[in-house]
Amino acid sequence: MTTSSSQSLPRSLARLWPFVKPAMPRVIAGLCAAMLATAASLAIPLLLQWVVDGPLTSGNRQALVWATLGVLALGIAEAAFIFLRRTLVLRPMTEVEFEIRQSFYERLQRLSVSFHDRWQSGQLLSRMMQDIGRIRRWLTFGAIMLFVNLLTMLAGIALLFRWHWALGVVFFLCSLPIWIVGYRFEQKYGTLSRTSQDQAGDLATSVEESVHGIRVLKAFGRGGHALGQFRLKAESLRGTEMRKAREVGVMWFAYDMVPAMALGLCLLTGIVLVSLDHITVGELFAFFALAAALRWPMNSLGFLFSFMIDARTSVDRVFEVFDTEIEIADPPSPRTADHSRGELAFRNVSFRFQDARSGERDLVDGLDLVLRPGETMALVGATGSGKTTLTTLPTRLYDVTGGAVELDGVDVRELKLEDLRRHIGIAFEEPILFSASVRENVLLGREDLEPGSPEAERVLREALEVAQAGFAYELPEGVDTPVSEEGLSLSGGQRQRLALARVVAAAPSVLVLDDPLSALDVDTEAMVEQALRRVLATTTALIVAHRPSTVAMADRVAVLRDGRVVEVGTHSELLKSSEHYRFLFSTLEEGVDS
Ligand SMILES: Nc1ncnc2c1ncn2[C@@H]1O[C@H](COP(=O)(O)OP(=O)(O)OP(=O)(O)O)[C@@H](O)[C@H]1O
């Protein structure tokens, strides 16, 4: 994903203000410390001027000792103020980083599934880690140093003017190319910076995918191919980094040259001015001390400038996510629903994915279906007919593009999302488990239960029993055993049973199950189904069926075809009346008698 930024540099950086605002008191204190450090460093040349023109010329030894001690004290004061600046700024900026990262994570949680369909996970990960970290480093060091160094330069130039206007003018004119080079640099480097950070995100996606799919790559012997793909992306990134480095190199050259030229020309001017008695030798001496003090601030401007542009790119990349509209959210005045009867109705529902081609028919196209409270409805249809997609609409993982899904006669878009998702539970065919204990995974939807309370234990036990997931008690640490990332240390069937236990534990009024038993062997499936019937007796359920045995659990069956429900009836009615159903049923996986 590569997008170019359109914001100007100040406007981009100004977007950090809401995060930086609370840290401002300490930042201002830090800047004051920085100014004091600058003042101490600039006072040294002034003291030297006084020494050369005063005690050194008159031979006043005592004053010379005091002056030496004064220089020492100023040096110590400068170091102390720099230390104070760092201490004052570091902590609030780590808090700023924490806040941005937390808001970013929260935003990712709130953004709809369609956003996550469009964005690569590596891009999000690199923004979360790399870009936010860079913003913190820039705020802590880059922005402060830029401020301090510019201030030092301005104060230094003012001092030069104070000694003699000609010195000030020469130094000022010599520093002009810095701004011209800086402007040109920003134009080119900004684009390169964006490209490289996007490429780094693509690279992170590549790593994430290959680690995620390591078993497939190994099984198919495609490790070499994946490495080749990785190399290509890494090469592109390297190419961009090289071009960035070349741009920085050109700029560094200019930023090294300018102070050297400024120093040479000022020296010449200074000597002429001394010979004409316009300035004293002490002033010329002090000028050299000042030029030495100004060399680092001037040299560092190039680096700080590129740092600022990289930080701007990071800000743009992070705010692209903040700026993405949250498509699925609570309505302005949501209706609360403490209880639900469990009536689920699809009324003239249409749905199409955002990336569907124009002219393509809606995937769901004017679909009507009503599930009565307590009823179990099996959903059958050819592969790719949209069964899984349909299961995502009641909980608003996606919003319908036409018509409405209703819970107890209320459009689900009018309900509080929290209520809606408490009343309708969903189990996906692909079971996702988190890096947490079995207990935490199963009780994920039961925030209301006190962890470890007898009630929580009862719910856990019953849910595991329904899902025939008693194996969890046999694990090394029982239900406290951590399951690794995505539950890969468990078998597919075990993971699926834990995911089923999770939705059972949530005790919703409406259960939406997308073929939740597909990874189970026939015997285990039969046991789960038997236990599940107890739950289904009191719960409304919509179950995507790929097996005859799942159909057998249902009170009625809905047949999905061309985006609509074309038939609804009991299994035996449909067997008699519908040729399409007979065909579909004959294609369902074998294993249980019909
Ligand atoms: N996130 C998505 N973005 C765009 N198109 C999608 C997305 N998810 C699914 N589709 C498309 O929607 C169509 C229906 O997919 P869906 O998974 O709902 O079918 P299904 O009936 O459940 O299939 P199966 O029985 O094979 O599981 C497919 O053509 C699929 O490519």
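Guide: Happy to. One term before we start: a residue is near a molecule if one of its heavy atoms lies within 4 Å of it. Keep in mind that this is a predicted model.

Visitor: Thanks! Which of the 14 residues around the ligand come nearest?

Guide: Thr-383, Gly-384, Lys-387, Thr-388 and Thr-389 do. Helix 11, residues 387-392, gives the largest share of the shell, three residues.

Visitor: And by class, what does the shell have?

Guide: Seven polar residues, four nonpolar and three charged.

Visitor: What about contacts to the ligand's oxygen atoms?

Guide: A backbone N or O atom of Gly-386 lies 3.0 Å from a ligand oxygen, and for a backbone N or O atom of Ser-385 the distance is 3.2 Å. From the side chain of His-546, an N or O atom is 3.1 Å from an oxygen atom of the ligand. On its own the ligand has 640 Å² of accessible area, and the protein covers 62% of that.

Visitor: Switching topic: how many salt bridges does the count come to?

Guide: There are 32. Side chains of opposite charge can pair when their charged atoms come close.

Visitor: Where do Glu-525 and Arg-547 lie?

Guide: Their side chains meet in a salt bridge, 2.7 Å from N to O. Glu-525 is in helix 17 (residues 522-536) and Arg-547 is in the loop between strand 10 (540-544) and helix 18, so the pair ties together parts that are 22 residues apart in sequence.

Visitor: Is Glu-525 buried or exposed?

Guide: Glu-525 is buried, because its relative accessibility is 2%, under the 20% cut-off. Arg-547 counts as buried too, at 9%.

Visitor: Nice. What about Asp-316 and Arg-312?

Guide: Both lie in helix 10 (residues 281-323), four residues apart, which is about one turn of the helix. Asp-316 is buried at 8% relative accessibility, and Arg-312 is buried at 7%.

Visitor: Which residues are linked in a network of salt bridges?

Guide: Arg-127, Asp-131, Arg-134, Arg-194, Asp-198, Arg-317 and Glu-320.

Visitor: Last one: which residues form the nonpolar patch on the surface?

Guide: Phe-161, Trp-165, Val-169, Phe-172, Leu-173, Leu-176 and Trp-179, with about 690 Å² of accessible area together. Helix 7, residues 165-212, gives the most to the patch, with six residues. Trp-165 has its place in that helix and is exposed, with a relative accessible area of 57%.

Notes
Residues are numbered from 1 along each chain as its sequence is written. This is a predicted model: local features need pLDDT of at least 70, side-chain atom pairs count only at pLDDT 80 or more; totals for chains, interfaces and linings use all residues. Side-chain values use heavy atoms; hydrogens and water are left out. A polar contact is a pair of N or O atoms within 3.5 Å; within protein, one must be able to donate a hydrogen and the other to accept it, and residues adjacent in sequence count only if both atoms are side-chain atoms. Accessible areas come from the Shrake-Rupley method with a 1.4 Å probe; for residues, only the protein chains shown count as cover. Helices (H or I, at least four residues) and strands (E, at least two) are DSSP runs, numbered from the N terminus. Ala, Val, Leu, Ile, Met, Phe, Trp, Tyr, Cys and Pro count as nonpolar, Asp, Glu, Lys and Arg as charged, and the others, Gly among them, as polar. Patches are made of residues with over 30% relative accessible area and no salt bridge: like charges are joined within 9 Å, nonpolar side chains (Val, Leu, Ile, Met, Phe, Trp, Tyr) within 5 Å. A salt bridge is a side-chain nitrogen of Lys or Arg within 4 Å of a carboxyl oxygen of Asp or Glu. Buried means under 20% relative accessible area, exposed over 50%, partly exposed in between (1.4 Å probe, protein chains only).
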